[in-house]
Amino acid sequence: MRLLHTMLRVGNLEESLKFYCDLLGMKLLRQKDYPGGEFTLAFVGYGDESDNAVIELTYNWGVEKYELGNAYGHIALGVDDIYATCEAIKNRGGKVVREPGPMKHGSTVIAFVEDPDGYKIELIQLVTQGSAAKQTSQEQLVSQ
């Protein structure tokens with residue numbers, strides 16, 4: 001078995017795609033409308049679905065807001081330079097809700113950003129150099 005995707009319901013697909021693609025550097029992998037069910041699915045991620053877990057953004061036509069509840073925690077992304085990443089996100093209009101710094105009761109450097117629907121995304125400073133793919137994704141994010 002392997003993890004395929006995580007599904008998030010979103011109230012504005014275009015705003016969510018801007019956040020995940022433009023601010024976090026993911027790619028729109030595929031998108032399809034389902035007129036009979038009145039919903040659209042968009043899959044975003046850092047690599048092909050055959051090799052990487054991705055996020056499925058589900059837009060139910062006409063639903064603009066969801067109650068997130070208290071069970072959802074966050075999605076975590078590893079970054080090579082958490083400070084530069086947070087600055088790039090803020091400079092492009094993103095919302096950093098916890099500035100970079102050591103986690104409570106630990107030494108791992110983390111930050112949190114929030115997507116347009118209020119979902120939290122944790123950024124975790126990678127300790128060692130990541131793979132070429134991770135570095136390329138991070139460079140694309142910081143340079144955008």
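**Reading side-chain features**

Mentor: Glu 49 counts as partly exposed, at 23% relative accessibility. Partly exposed lies between buried (under 20% relative accessible area) and exposed (over 50%), with a 1.4 Å probe and protein chains only. This is a predicted model: local features need pLDDT of at least 70, side-chain atom pairs count only at pLDDT 80 or more, and totals for chains, interfaces and linings use all residues. Residues are numbered from 1 along each chain as its sequence is written, and side-chain values use heavy atoms, leaving out hydrogens and water.

Trainee: Which side chain meets Glu 49 in a salt bridge?

Mentor: A salt bridge is a side-chain nitrogen of Lys or Arg within 4 Å of a carboxyl oxygen of Asp or Glu. Here the partner is Arg 30, at 2.7 Å from N to O. Arg 30 lies in strand β2 (residues 27-34) and Glu 49 in the loop between β3 (39-45) and β4, so the pair ties together parts that are 19 residues apart in sequence. Strands (E, at least two residues) and helices (H or I, at least four) are DSSP runs, numbered from the N terminus. Arg 30 is partly exposed, at 42% relative accessibility.

Trainee: Over which ring does the charged end of Arg 30 sit?

Mentor: A charge sits over a ring if NZ of Lys or CZ of Arg is within 6 Å of the ring centre and within 35 degrees of the ring normal. For Arg 30, the ring is that of Phe 43, with the charged end 3.8 Å from its centre.

Trainee: How many salt bridges does the count come to?

Mentor: Six. Glu 87, Lys 90 and Glu 99 are linked in a network of them. Glu 114 pairs with Lys 120, with the closest N and O atoms 2.8 Å apart. Glu 114 is buried at 16%, while Lys 120 is partly exposed at 28%. Glu 15 pairs with Lys 18, at 3.3 Å between the closest N and O atoms.

Trainee: What separates Glu 15 and Lys 18 in helix α1?

Mentor: An α-helix has 3.6 residues a turn, so residues three or four places apart point the same way. Glu 15 and Lys 18 are three residues apart in α1 (residues 13-23), about one helical turn. Glu 15 is partly exposed at 34%, and Lys 18 is partly exposed at 44%.

Trainee: Which residues of α1 are buried?

Mentor: They are Leu 13, Ser 16, Leu 17, Phe 19, Tyr 20, Cys 21 and Leu 23.

Trainee: Which residue caps the N-terminal end of α1?

Mentor: Asn 12 does, with a side-chain oxygen 3.1 Å from the backbone nitrogen of Glu 14. After the helix comes Gly 25, with a positive phi near 80°.

Trainee: Where is Asp 115, and is Asp 115 buried or exposed?

Mentor: Asp 115 sits in the loop between β7 (109-114) and β8 (120-125). Asp 115 is buried, yet has no salt bridge. Lys 120 is the nearest side chain of opposite charge, 8.1 Å away. For charge, Lys and Arg count as positive and Asp and Glu as negative; His and the chain ends are not counted.

Trainee: With which side chain does that of Asp 115 make a polar contact?

Mentor: A polar contact is a pair of N or O atoms within 3.5 Å; within protein, one must be able to donate a hydrogen and the other to accept it, and residues adjacent in sequence count only if both atoms are side-chain atoms. The side chain of Asp 115 makes one with the side chain of Tyr 20, at 2.7 Å. A polar atom of the Asp 115 side chain also lies 2.8 Å from the backbone nitrogen of Asp 117. Beyond neighbours within four places in sequence, Asp 115 is in contact (heavy atoms within 4.5 Å) with Phe 19 and Tyr 20.

Trainee: How many aromatic pairs does the structure hold?

Mentor: Three. A pair of aromatic rings is described by the distance of the centres and the angle of the planes. Rings of Phe, Tyr and Trp (its six-membered ring) pair if their centres lie within 6.5 Å; planes under 30 degrees apart are stacked, over 60 edge-to-face, the rest tilted. Tyr 34 and Phe 39 are stacked, at 4.7 Å centre to centre and 10° between the planes. The rings of Tyr 72 and Tyr 119 have centres 5.1 Å apart and planes at 70°, so that pair is edge-to-face. Tyr 72 lies in the loop between β4 (54-60) and β5 (75-79) and Tyr 119 in the loop between β7 and β8, so the pair ties together parts 47 residues apart in sequence. Tyr 119 is buried at 7%, whereas Tyr 72 is partly exposed at 28%.

Trainee: In which strand is Phe 39 found?

Mentor: In β3. Its C-alpha atom is 5.3 Å from that of Trp 61, 22 residues apart along the chain. Beyond neighbours within four places in sequence, its contacts include Tyr 59 and Asn 60.
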